[in-house]
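Open the model in your viewer and keep the selection tool at hand. This tour goes from stop to stop, saying what to select and what is there.

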Amino acid sequence: MQIDLTEGNIACKSLSGFFYLESANLMFNENVKLLLIDDDLELCDLLIEFLSTEGFSVNAVNDGESGIKEALLGKYDLILLDVTLPKRNGFDVLKIIRQKSSVPILMLTARGDDVDRVIGLEFGADDYLPKPYNHRELVARIKAILRRGSSTQQDSTAKLLQLDDIGLNLSNREASIDGKPIELTATEFQVLKSLIEKAGELISRDDLTKIALNRRLTPYDRAIDMHVSNVRKKIGMRKNGQPRIKTVRGAGYFYIRS
């Protein structure tokens, strides 16, 4: 790994690509526990040191199998998951975790690799961050994902949202159709909640990205589209065979009132 120190910034090049660190004062709750799954040992050490200064508690494992075991212990608030891993690749790890846990997952993907990003989101990742990434962006993404999970609980104690046969319990983020539970990630829950709350109204891709992902829409960013696609698959069609969510090409989405 090559490390360059200039004007208080750190830029390092590792086997998995560039990672940039800059000085910042973005402190976060020290009780937040992160799991980093990456096989680049030097990068892991650097990230642990940096994220610790930002107030996070970070543990790292370096292969897919260890990542699965550690993630399923249920003691982490968010997982940082690299795609390229020994023993089991990041996609396998993601799929297995998603079968048993809805813990937020931020995928770390190769720069410009749209296929990795799309697959990761299809498998249930909450968001992705392409390499090389700036440390400010990494911290911002982590905080944005964590806010998604906490905002619903903070603002909606014991509140239920019902439309058609879909029920959303906003206090514990449980979703159901005809009383039968459906598994949604925190991001998917936020997408569905936003669409239902404004049923019949068009929500632009930019606005839905801000609401559900807590960040701005960027050029060639398909994250929100993949989350909407995942929600569509999970809630299915209405009993009469009609769709629930409509796409307005180039504009956004809206939940169709029955």
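A salt bridge is a side-chain nitrogen of Lys or Arg within 4 Å of a carboxyl oxygen of Asp or Glu. Select Asp92 and Lys95 to see one: their side chains meet at 3.9 Å, N to O. Keep in mind that this is a predicted model.

**The whole chain**

Colour the chain by secondary structure. The chain has 258 residues, and 48% of them count as buried. Of the contacts in the chain with a separation of 6 or more, 57% are between residues 24 or more positions apart.

**Stop 1**

Go back to Asp92 and Lys95. Both residues belong to helix α3, residues 90-100. Three residues separate them, about one turn of the helix.

**Stop 2: more salt bridges**

The structure holds 15 salt bridges. Select Glu70 and Lys75 for another of them, in which the closest N and O atoms are 3.4 Å apart. Glu70 is buried, at 15% relative accessible area, whereas Lys75 counts as partly exposed at 42%.

Next, select Arg205 and Asp225. Their side chains form a salt bridge with an N to O distance of 2.7 Å. Arg205 lies in helix α7 and Asp225 in helix α8 (residues 223-235), so this pair ties together parts that are 20 residues apart in sequence. Arg205 is partly exposed, with a relative accessible area of 24%. Asp225 is buried, with a value of 17%.

Which residues are linked in a network of salt bridges? Select Asp127, Glu137, Arg141, Arg215 and Asp221 together to display them.

**Stop 3: helices α6 and α7**

Show helix α6 (residues 186-197) and helix α7 (residues 205-213). Their axes come within 9 Å and cross at roughly 130 degrees. That angle makes α6 oblique to α7. The crossing of α6 past α7 is right-handed.

Now show the side chains where the two helices touch. On the α6 side, select Thr187, Gln190, Val191, Ser194 and Leu195. They meet Leu208, Ile211, Ala212 and Leu213 of α7. By class, this contact has six nonpolar residues, three polar residues and no charged ones.

**Stop 4: helices α4 and α8**

Move to helix α4, residues 114-122, and show α8 beside it. At what angle do the axes of α4 and α8 cross? They cross at roughly 35 degrees and come within 9 Å. The crossing of α4 and α8 is right-handed.

Select Val118, Leu121 and Glu122 in α4, which meet Ala223, Met226, His227 and Asn230 in α8. The contact of α4 with α8 has four nonpolar, two polar and one charged residues.

Stay on α4 and select its buried residues: Asp116, Arg117, Val118, Gly120 and Leu121. What covers them? The cover includes α3 and α8, together with strands β7 (105-109) and β8 (127-130). Just after α4, select Gly124, which takes a positive phi of about 110 degrees.

**Stop 5: Leu78**

Finish in strand β6, residues 78-82, where Leu78 is found. Is Leu78 buried or exposed? Leu78 counts as buried because its relative accessibility is 0%. Leave out residues up to four places away in sequence, and Leu78 touches Lys33, Leu34, Leu35, Val103, Pro104, Ile142, Ile145 and Leu146.

Note on methods:
Residues numbered from 1 in each chain as written. Predicted model: local features only at pLDDT ≥ 70, side-chain atom pairs only at ≥ 80, totals over all residues. Heavy atoms only, no water. Axes fitted to C-alpha atoms, helices over the stretch in contact; angles between N-to-C directions. Helix = DSSP H or I, 4+ residues; strand = E, 2+ residues; numbered from the N terminus. Parallel < 35°, antiparallel > 145°, perpendicular 65-115°, else oblique. Left-handed = near helix turned anticlockwise from the far one by under 90°. Contact = heavy atoms within 4.5 Å. Nonpolar A, V, L, I, M, F, W, Y, C, P; charged D, E, K, R; others polar. Buried < 20%, exposed > 50% of the residue type's maximum accessible area, 1.4 Å probe, protein only.
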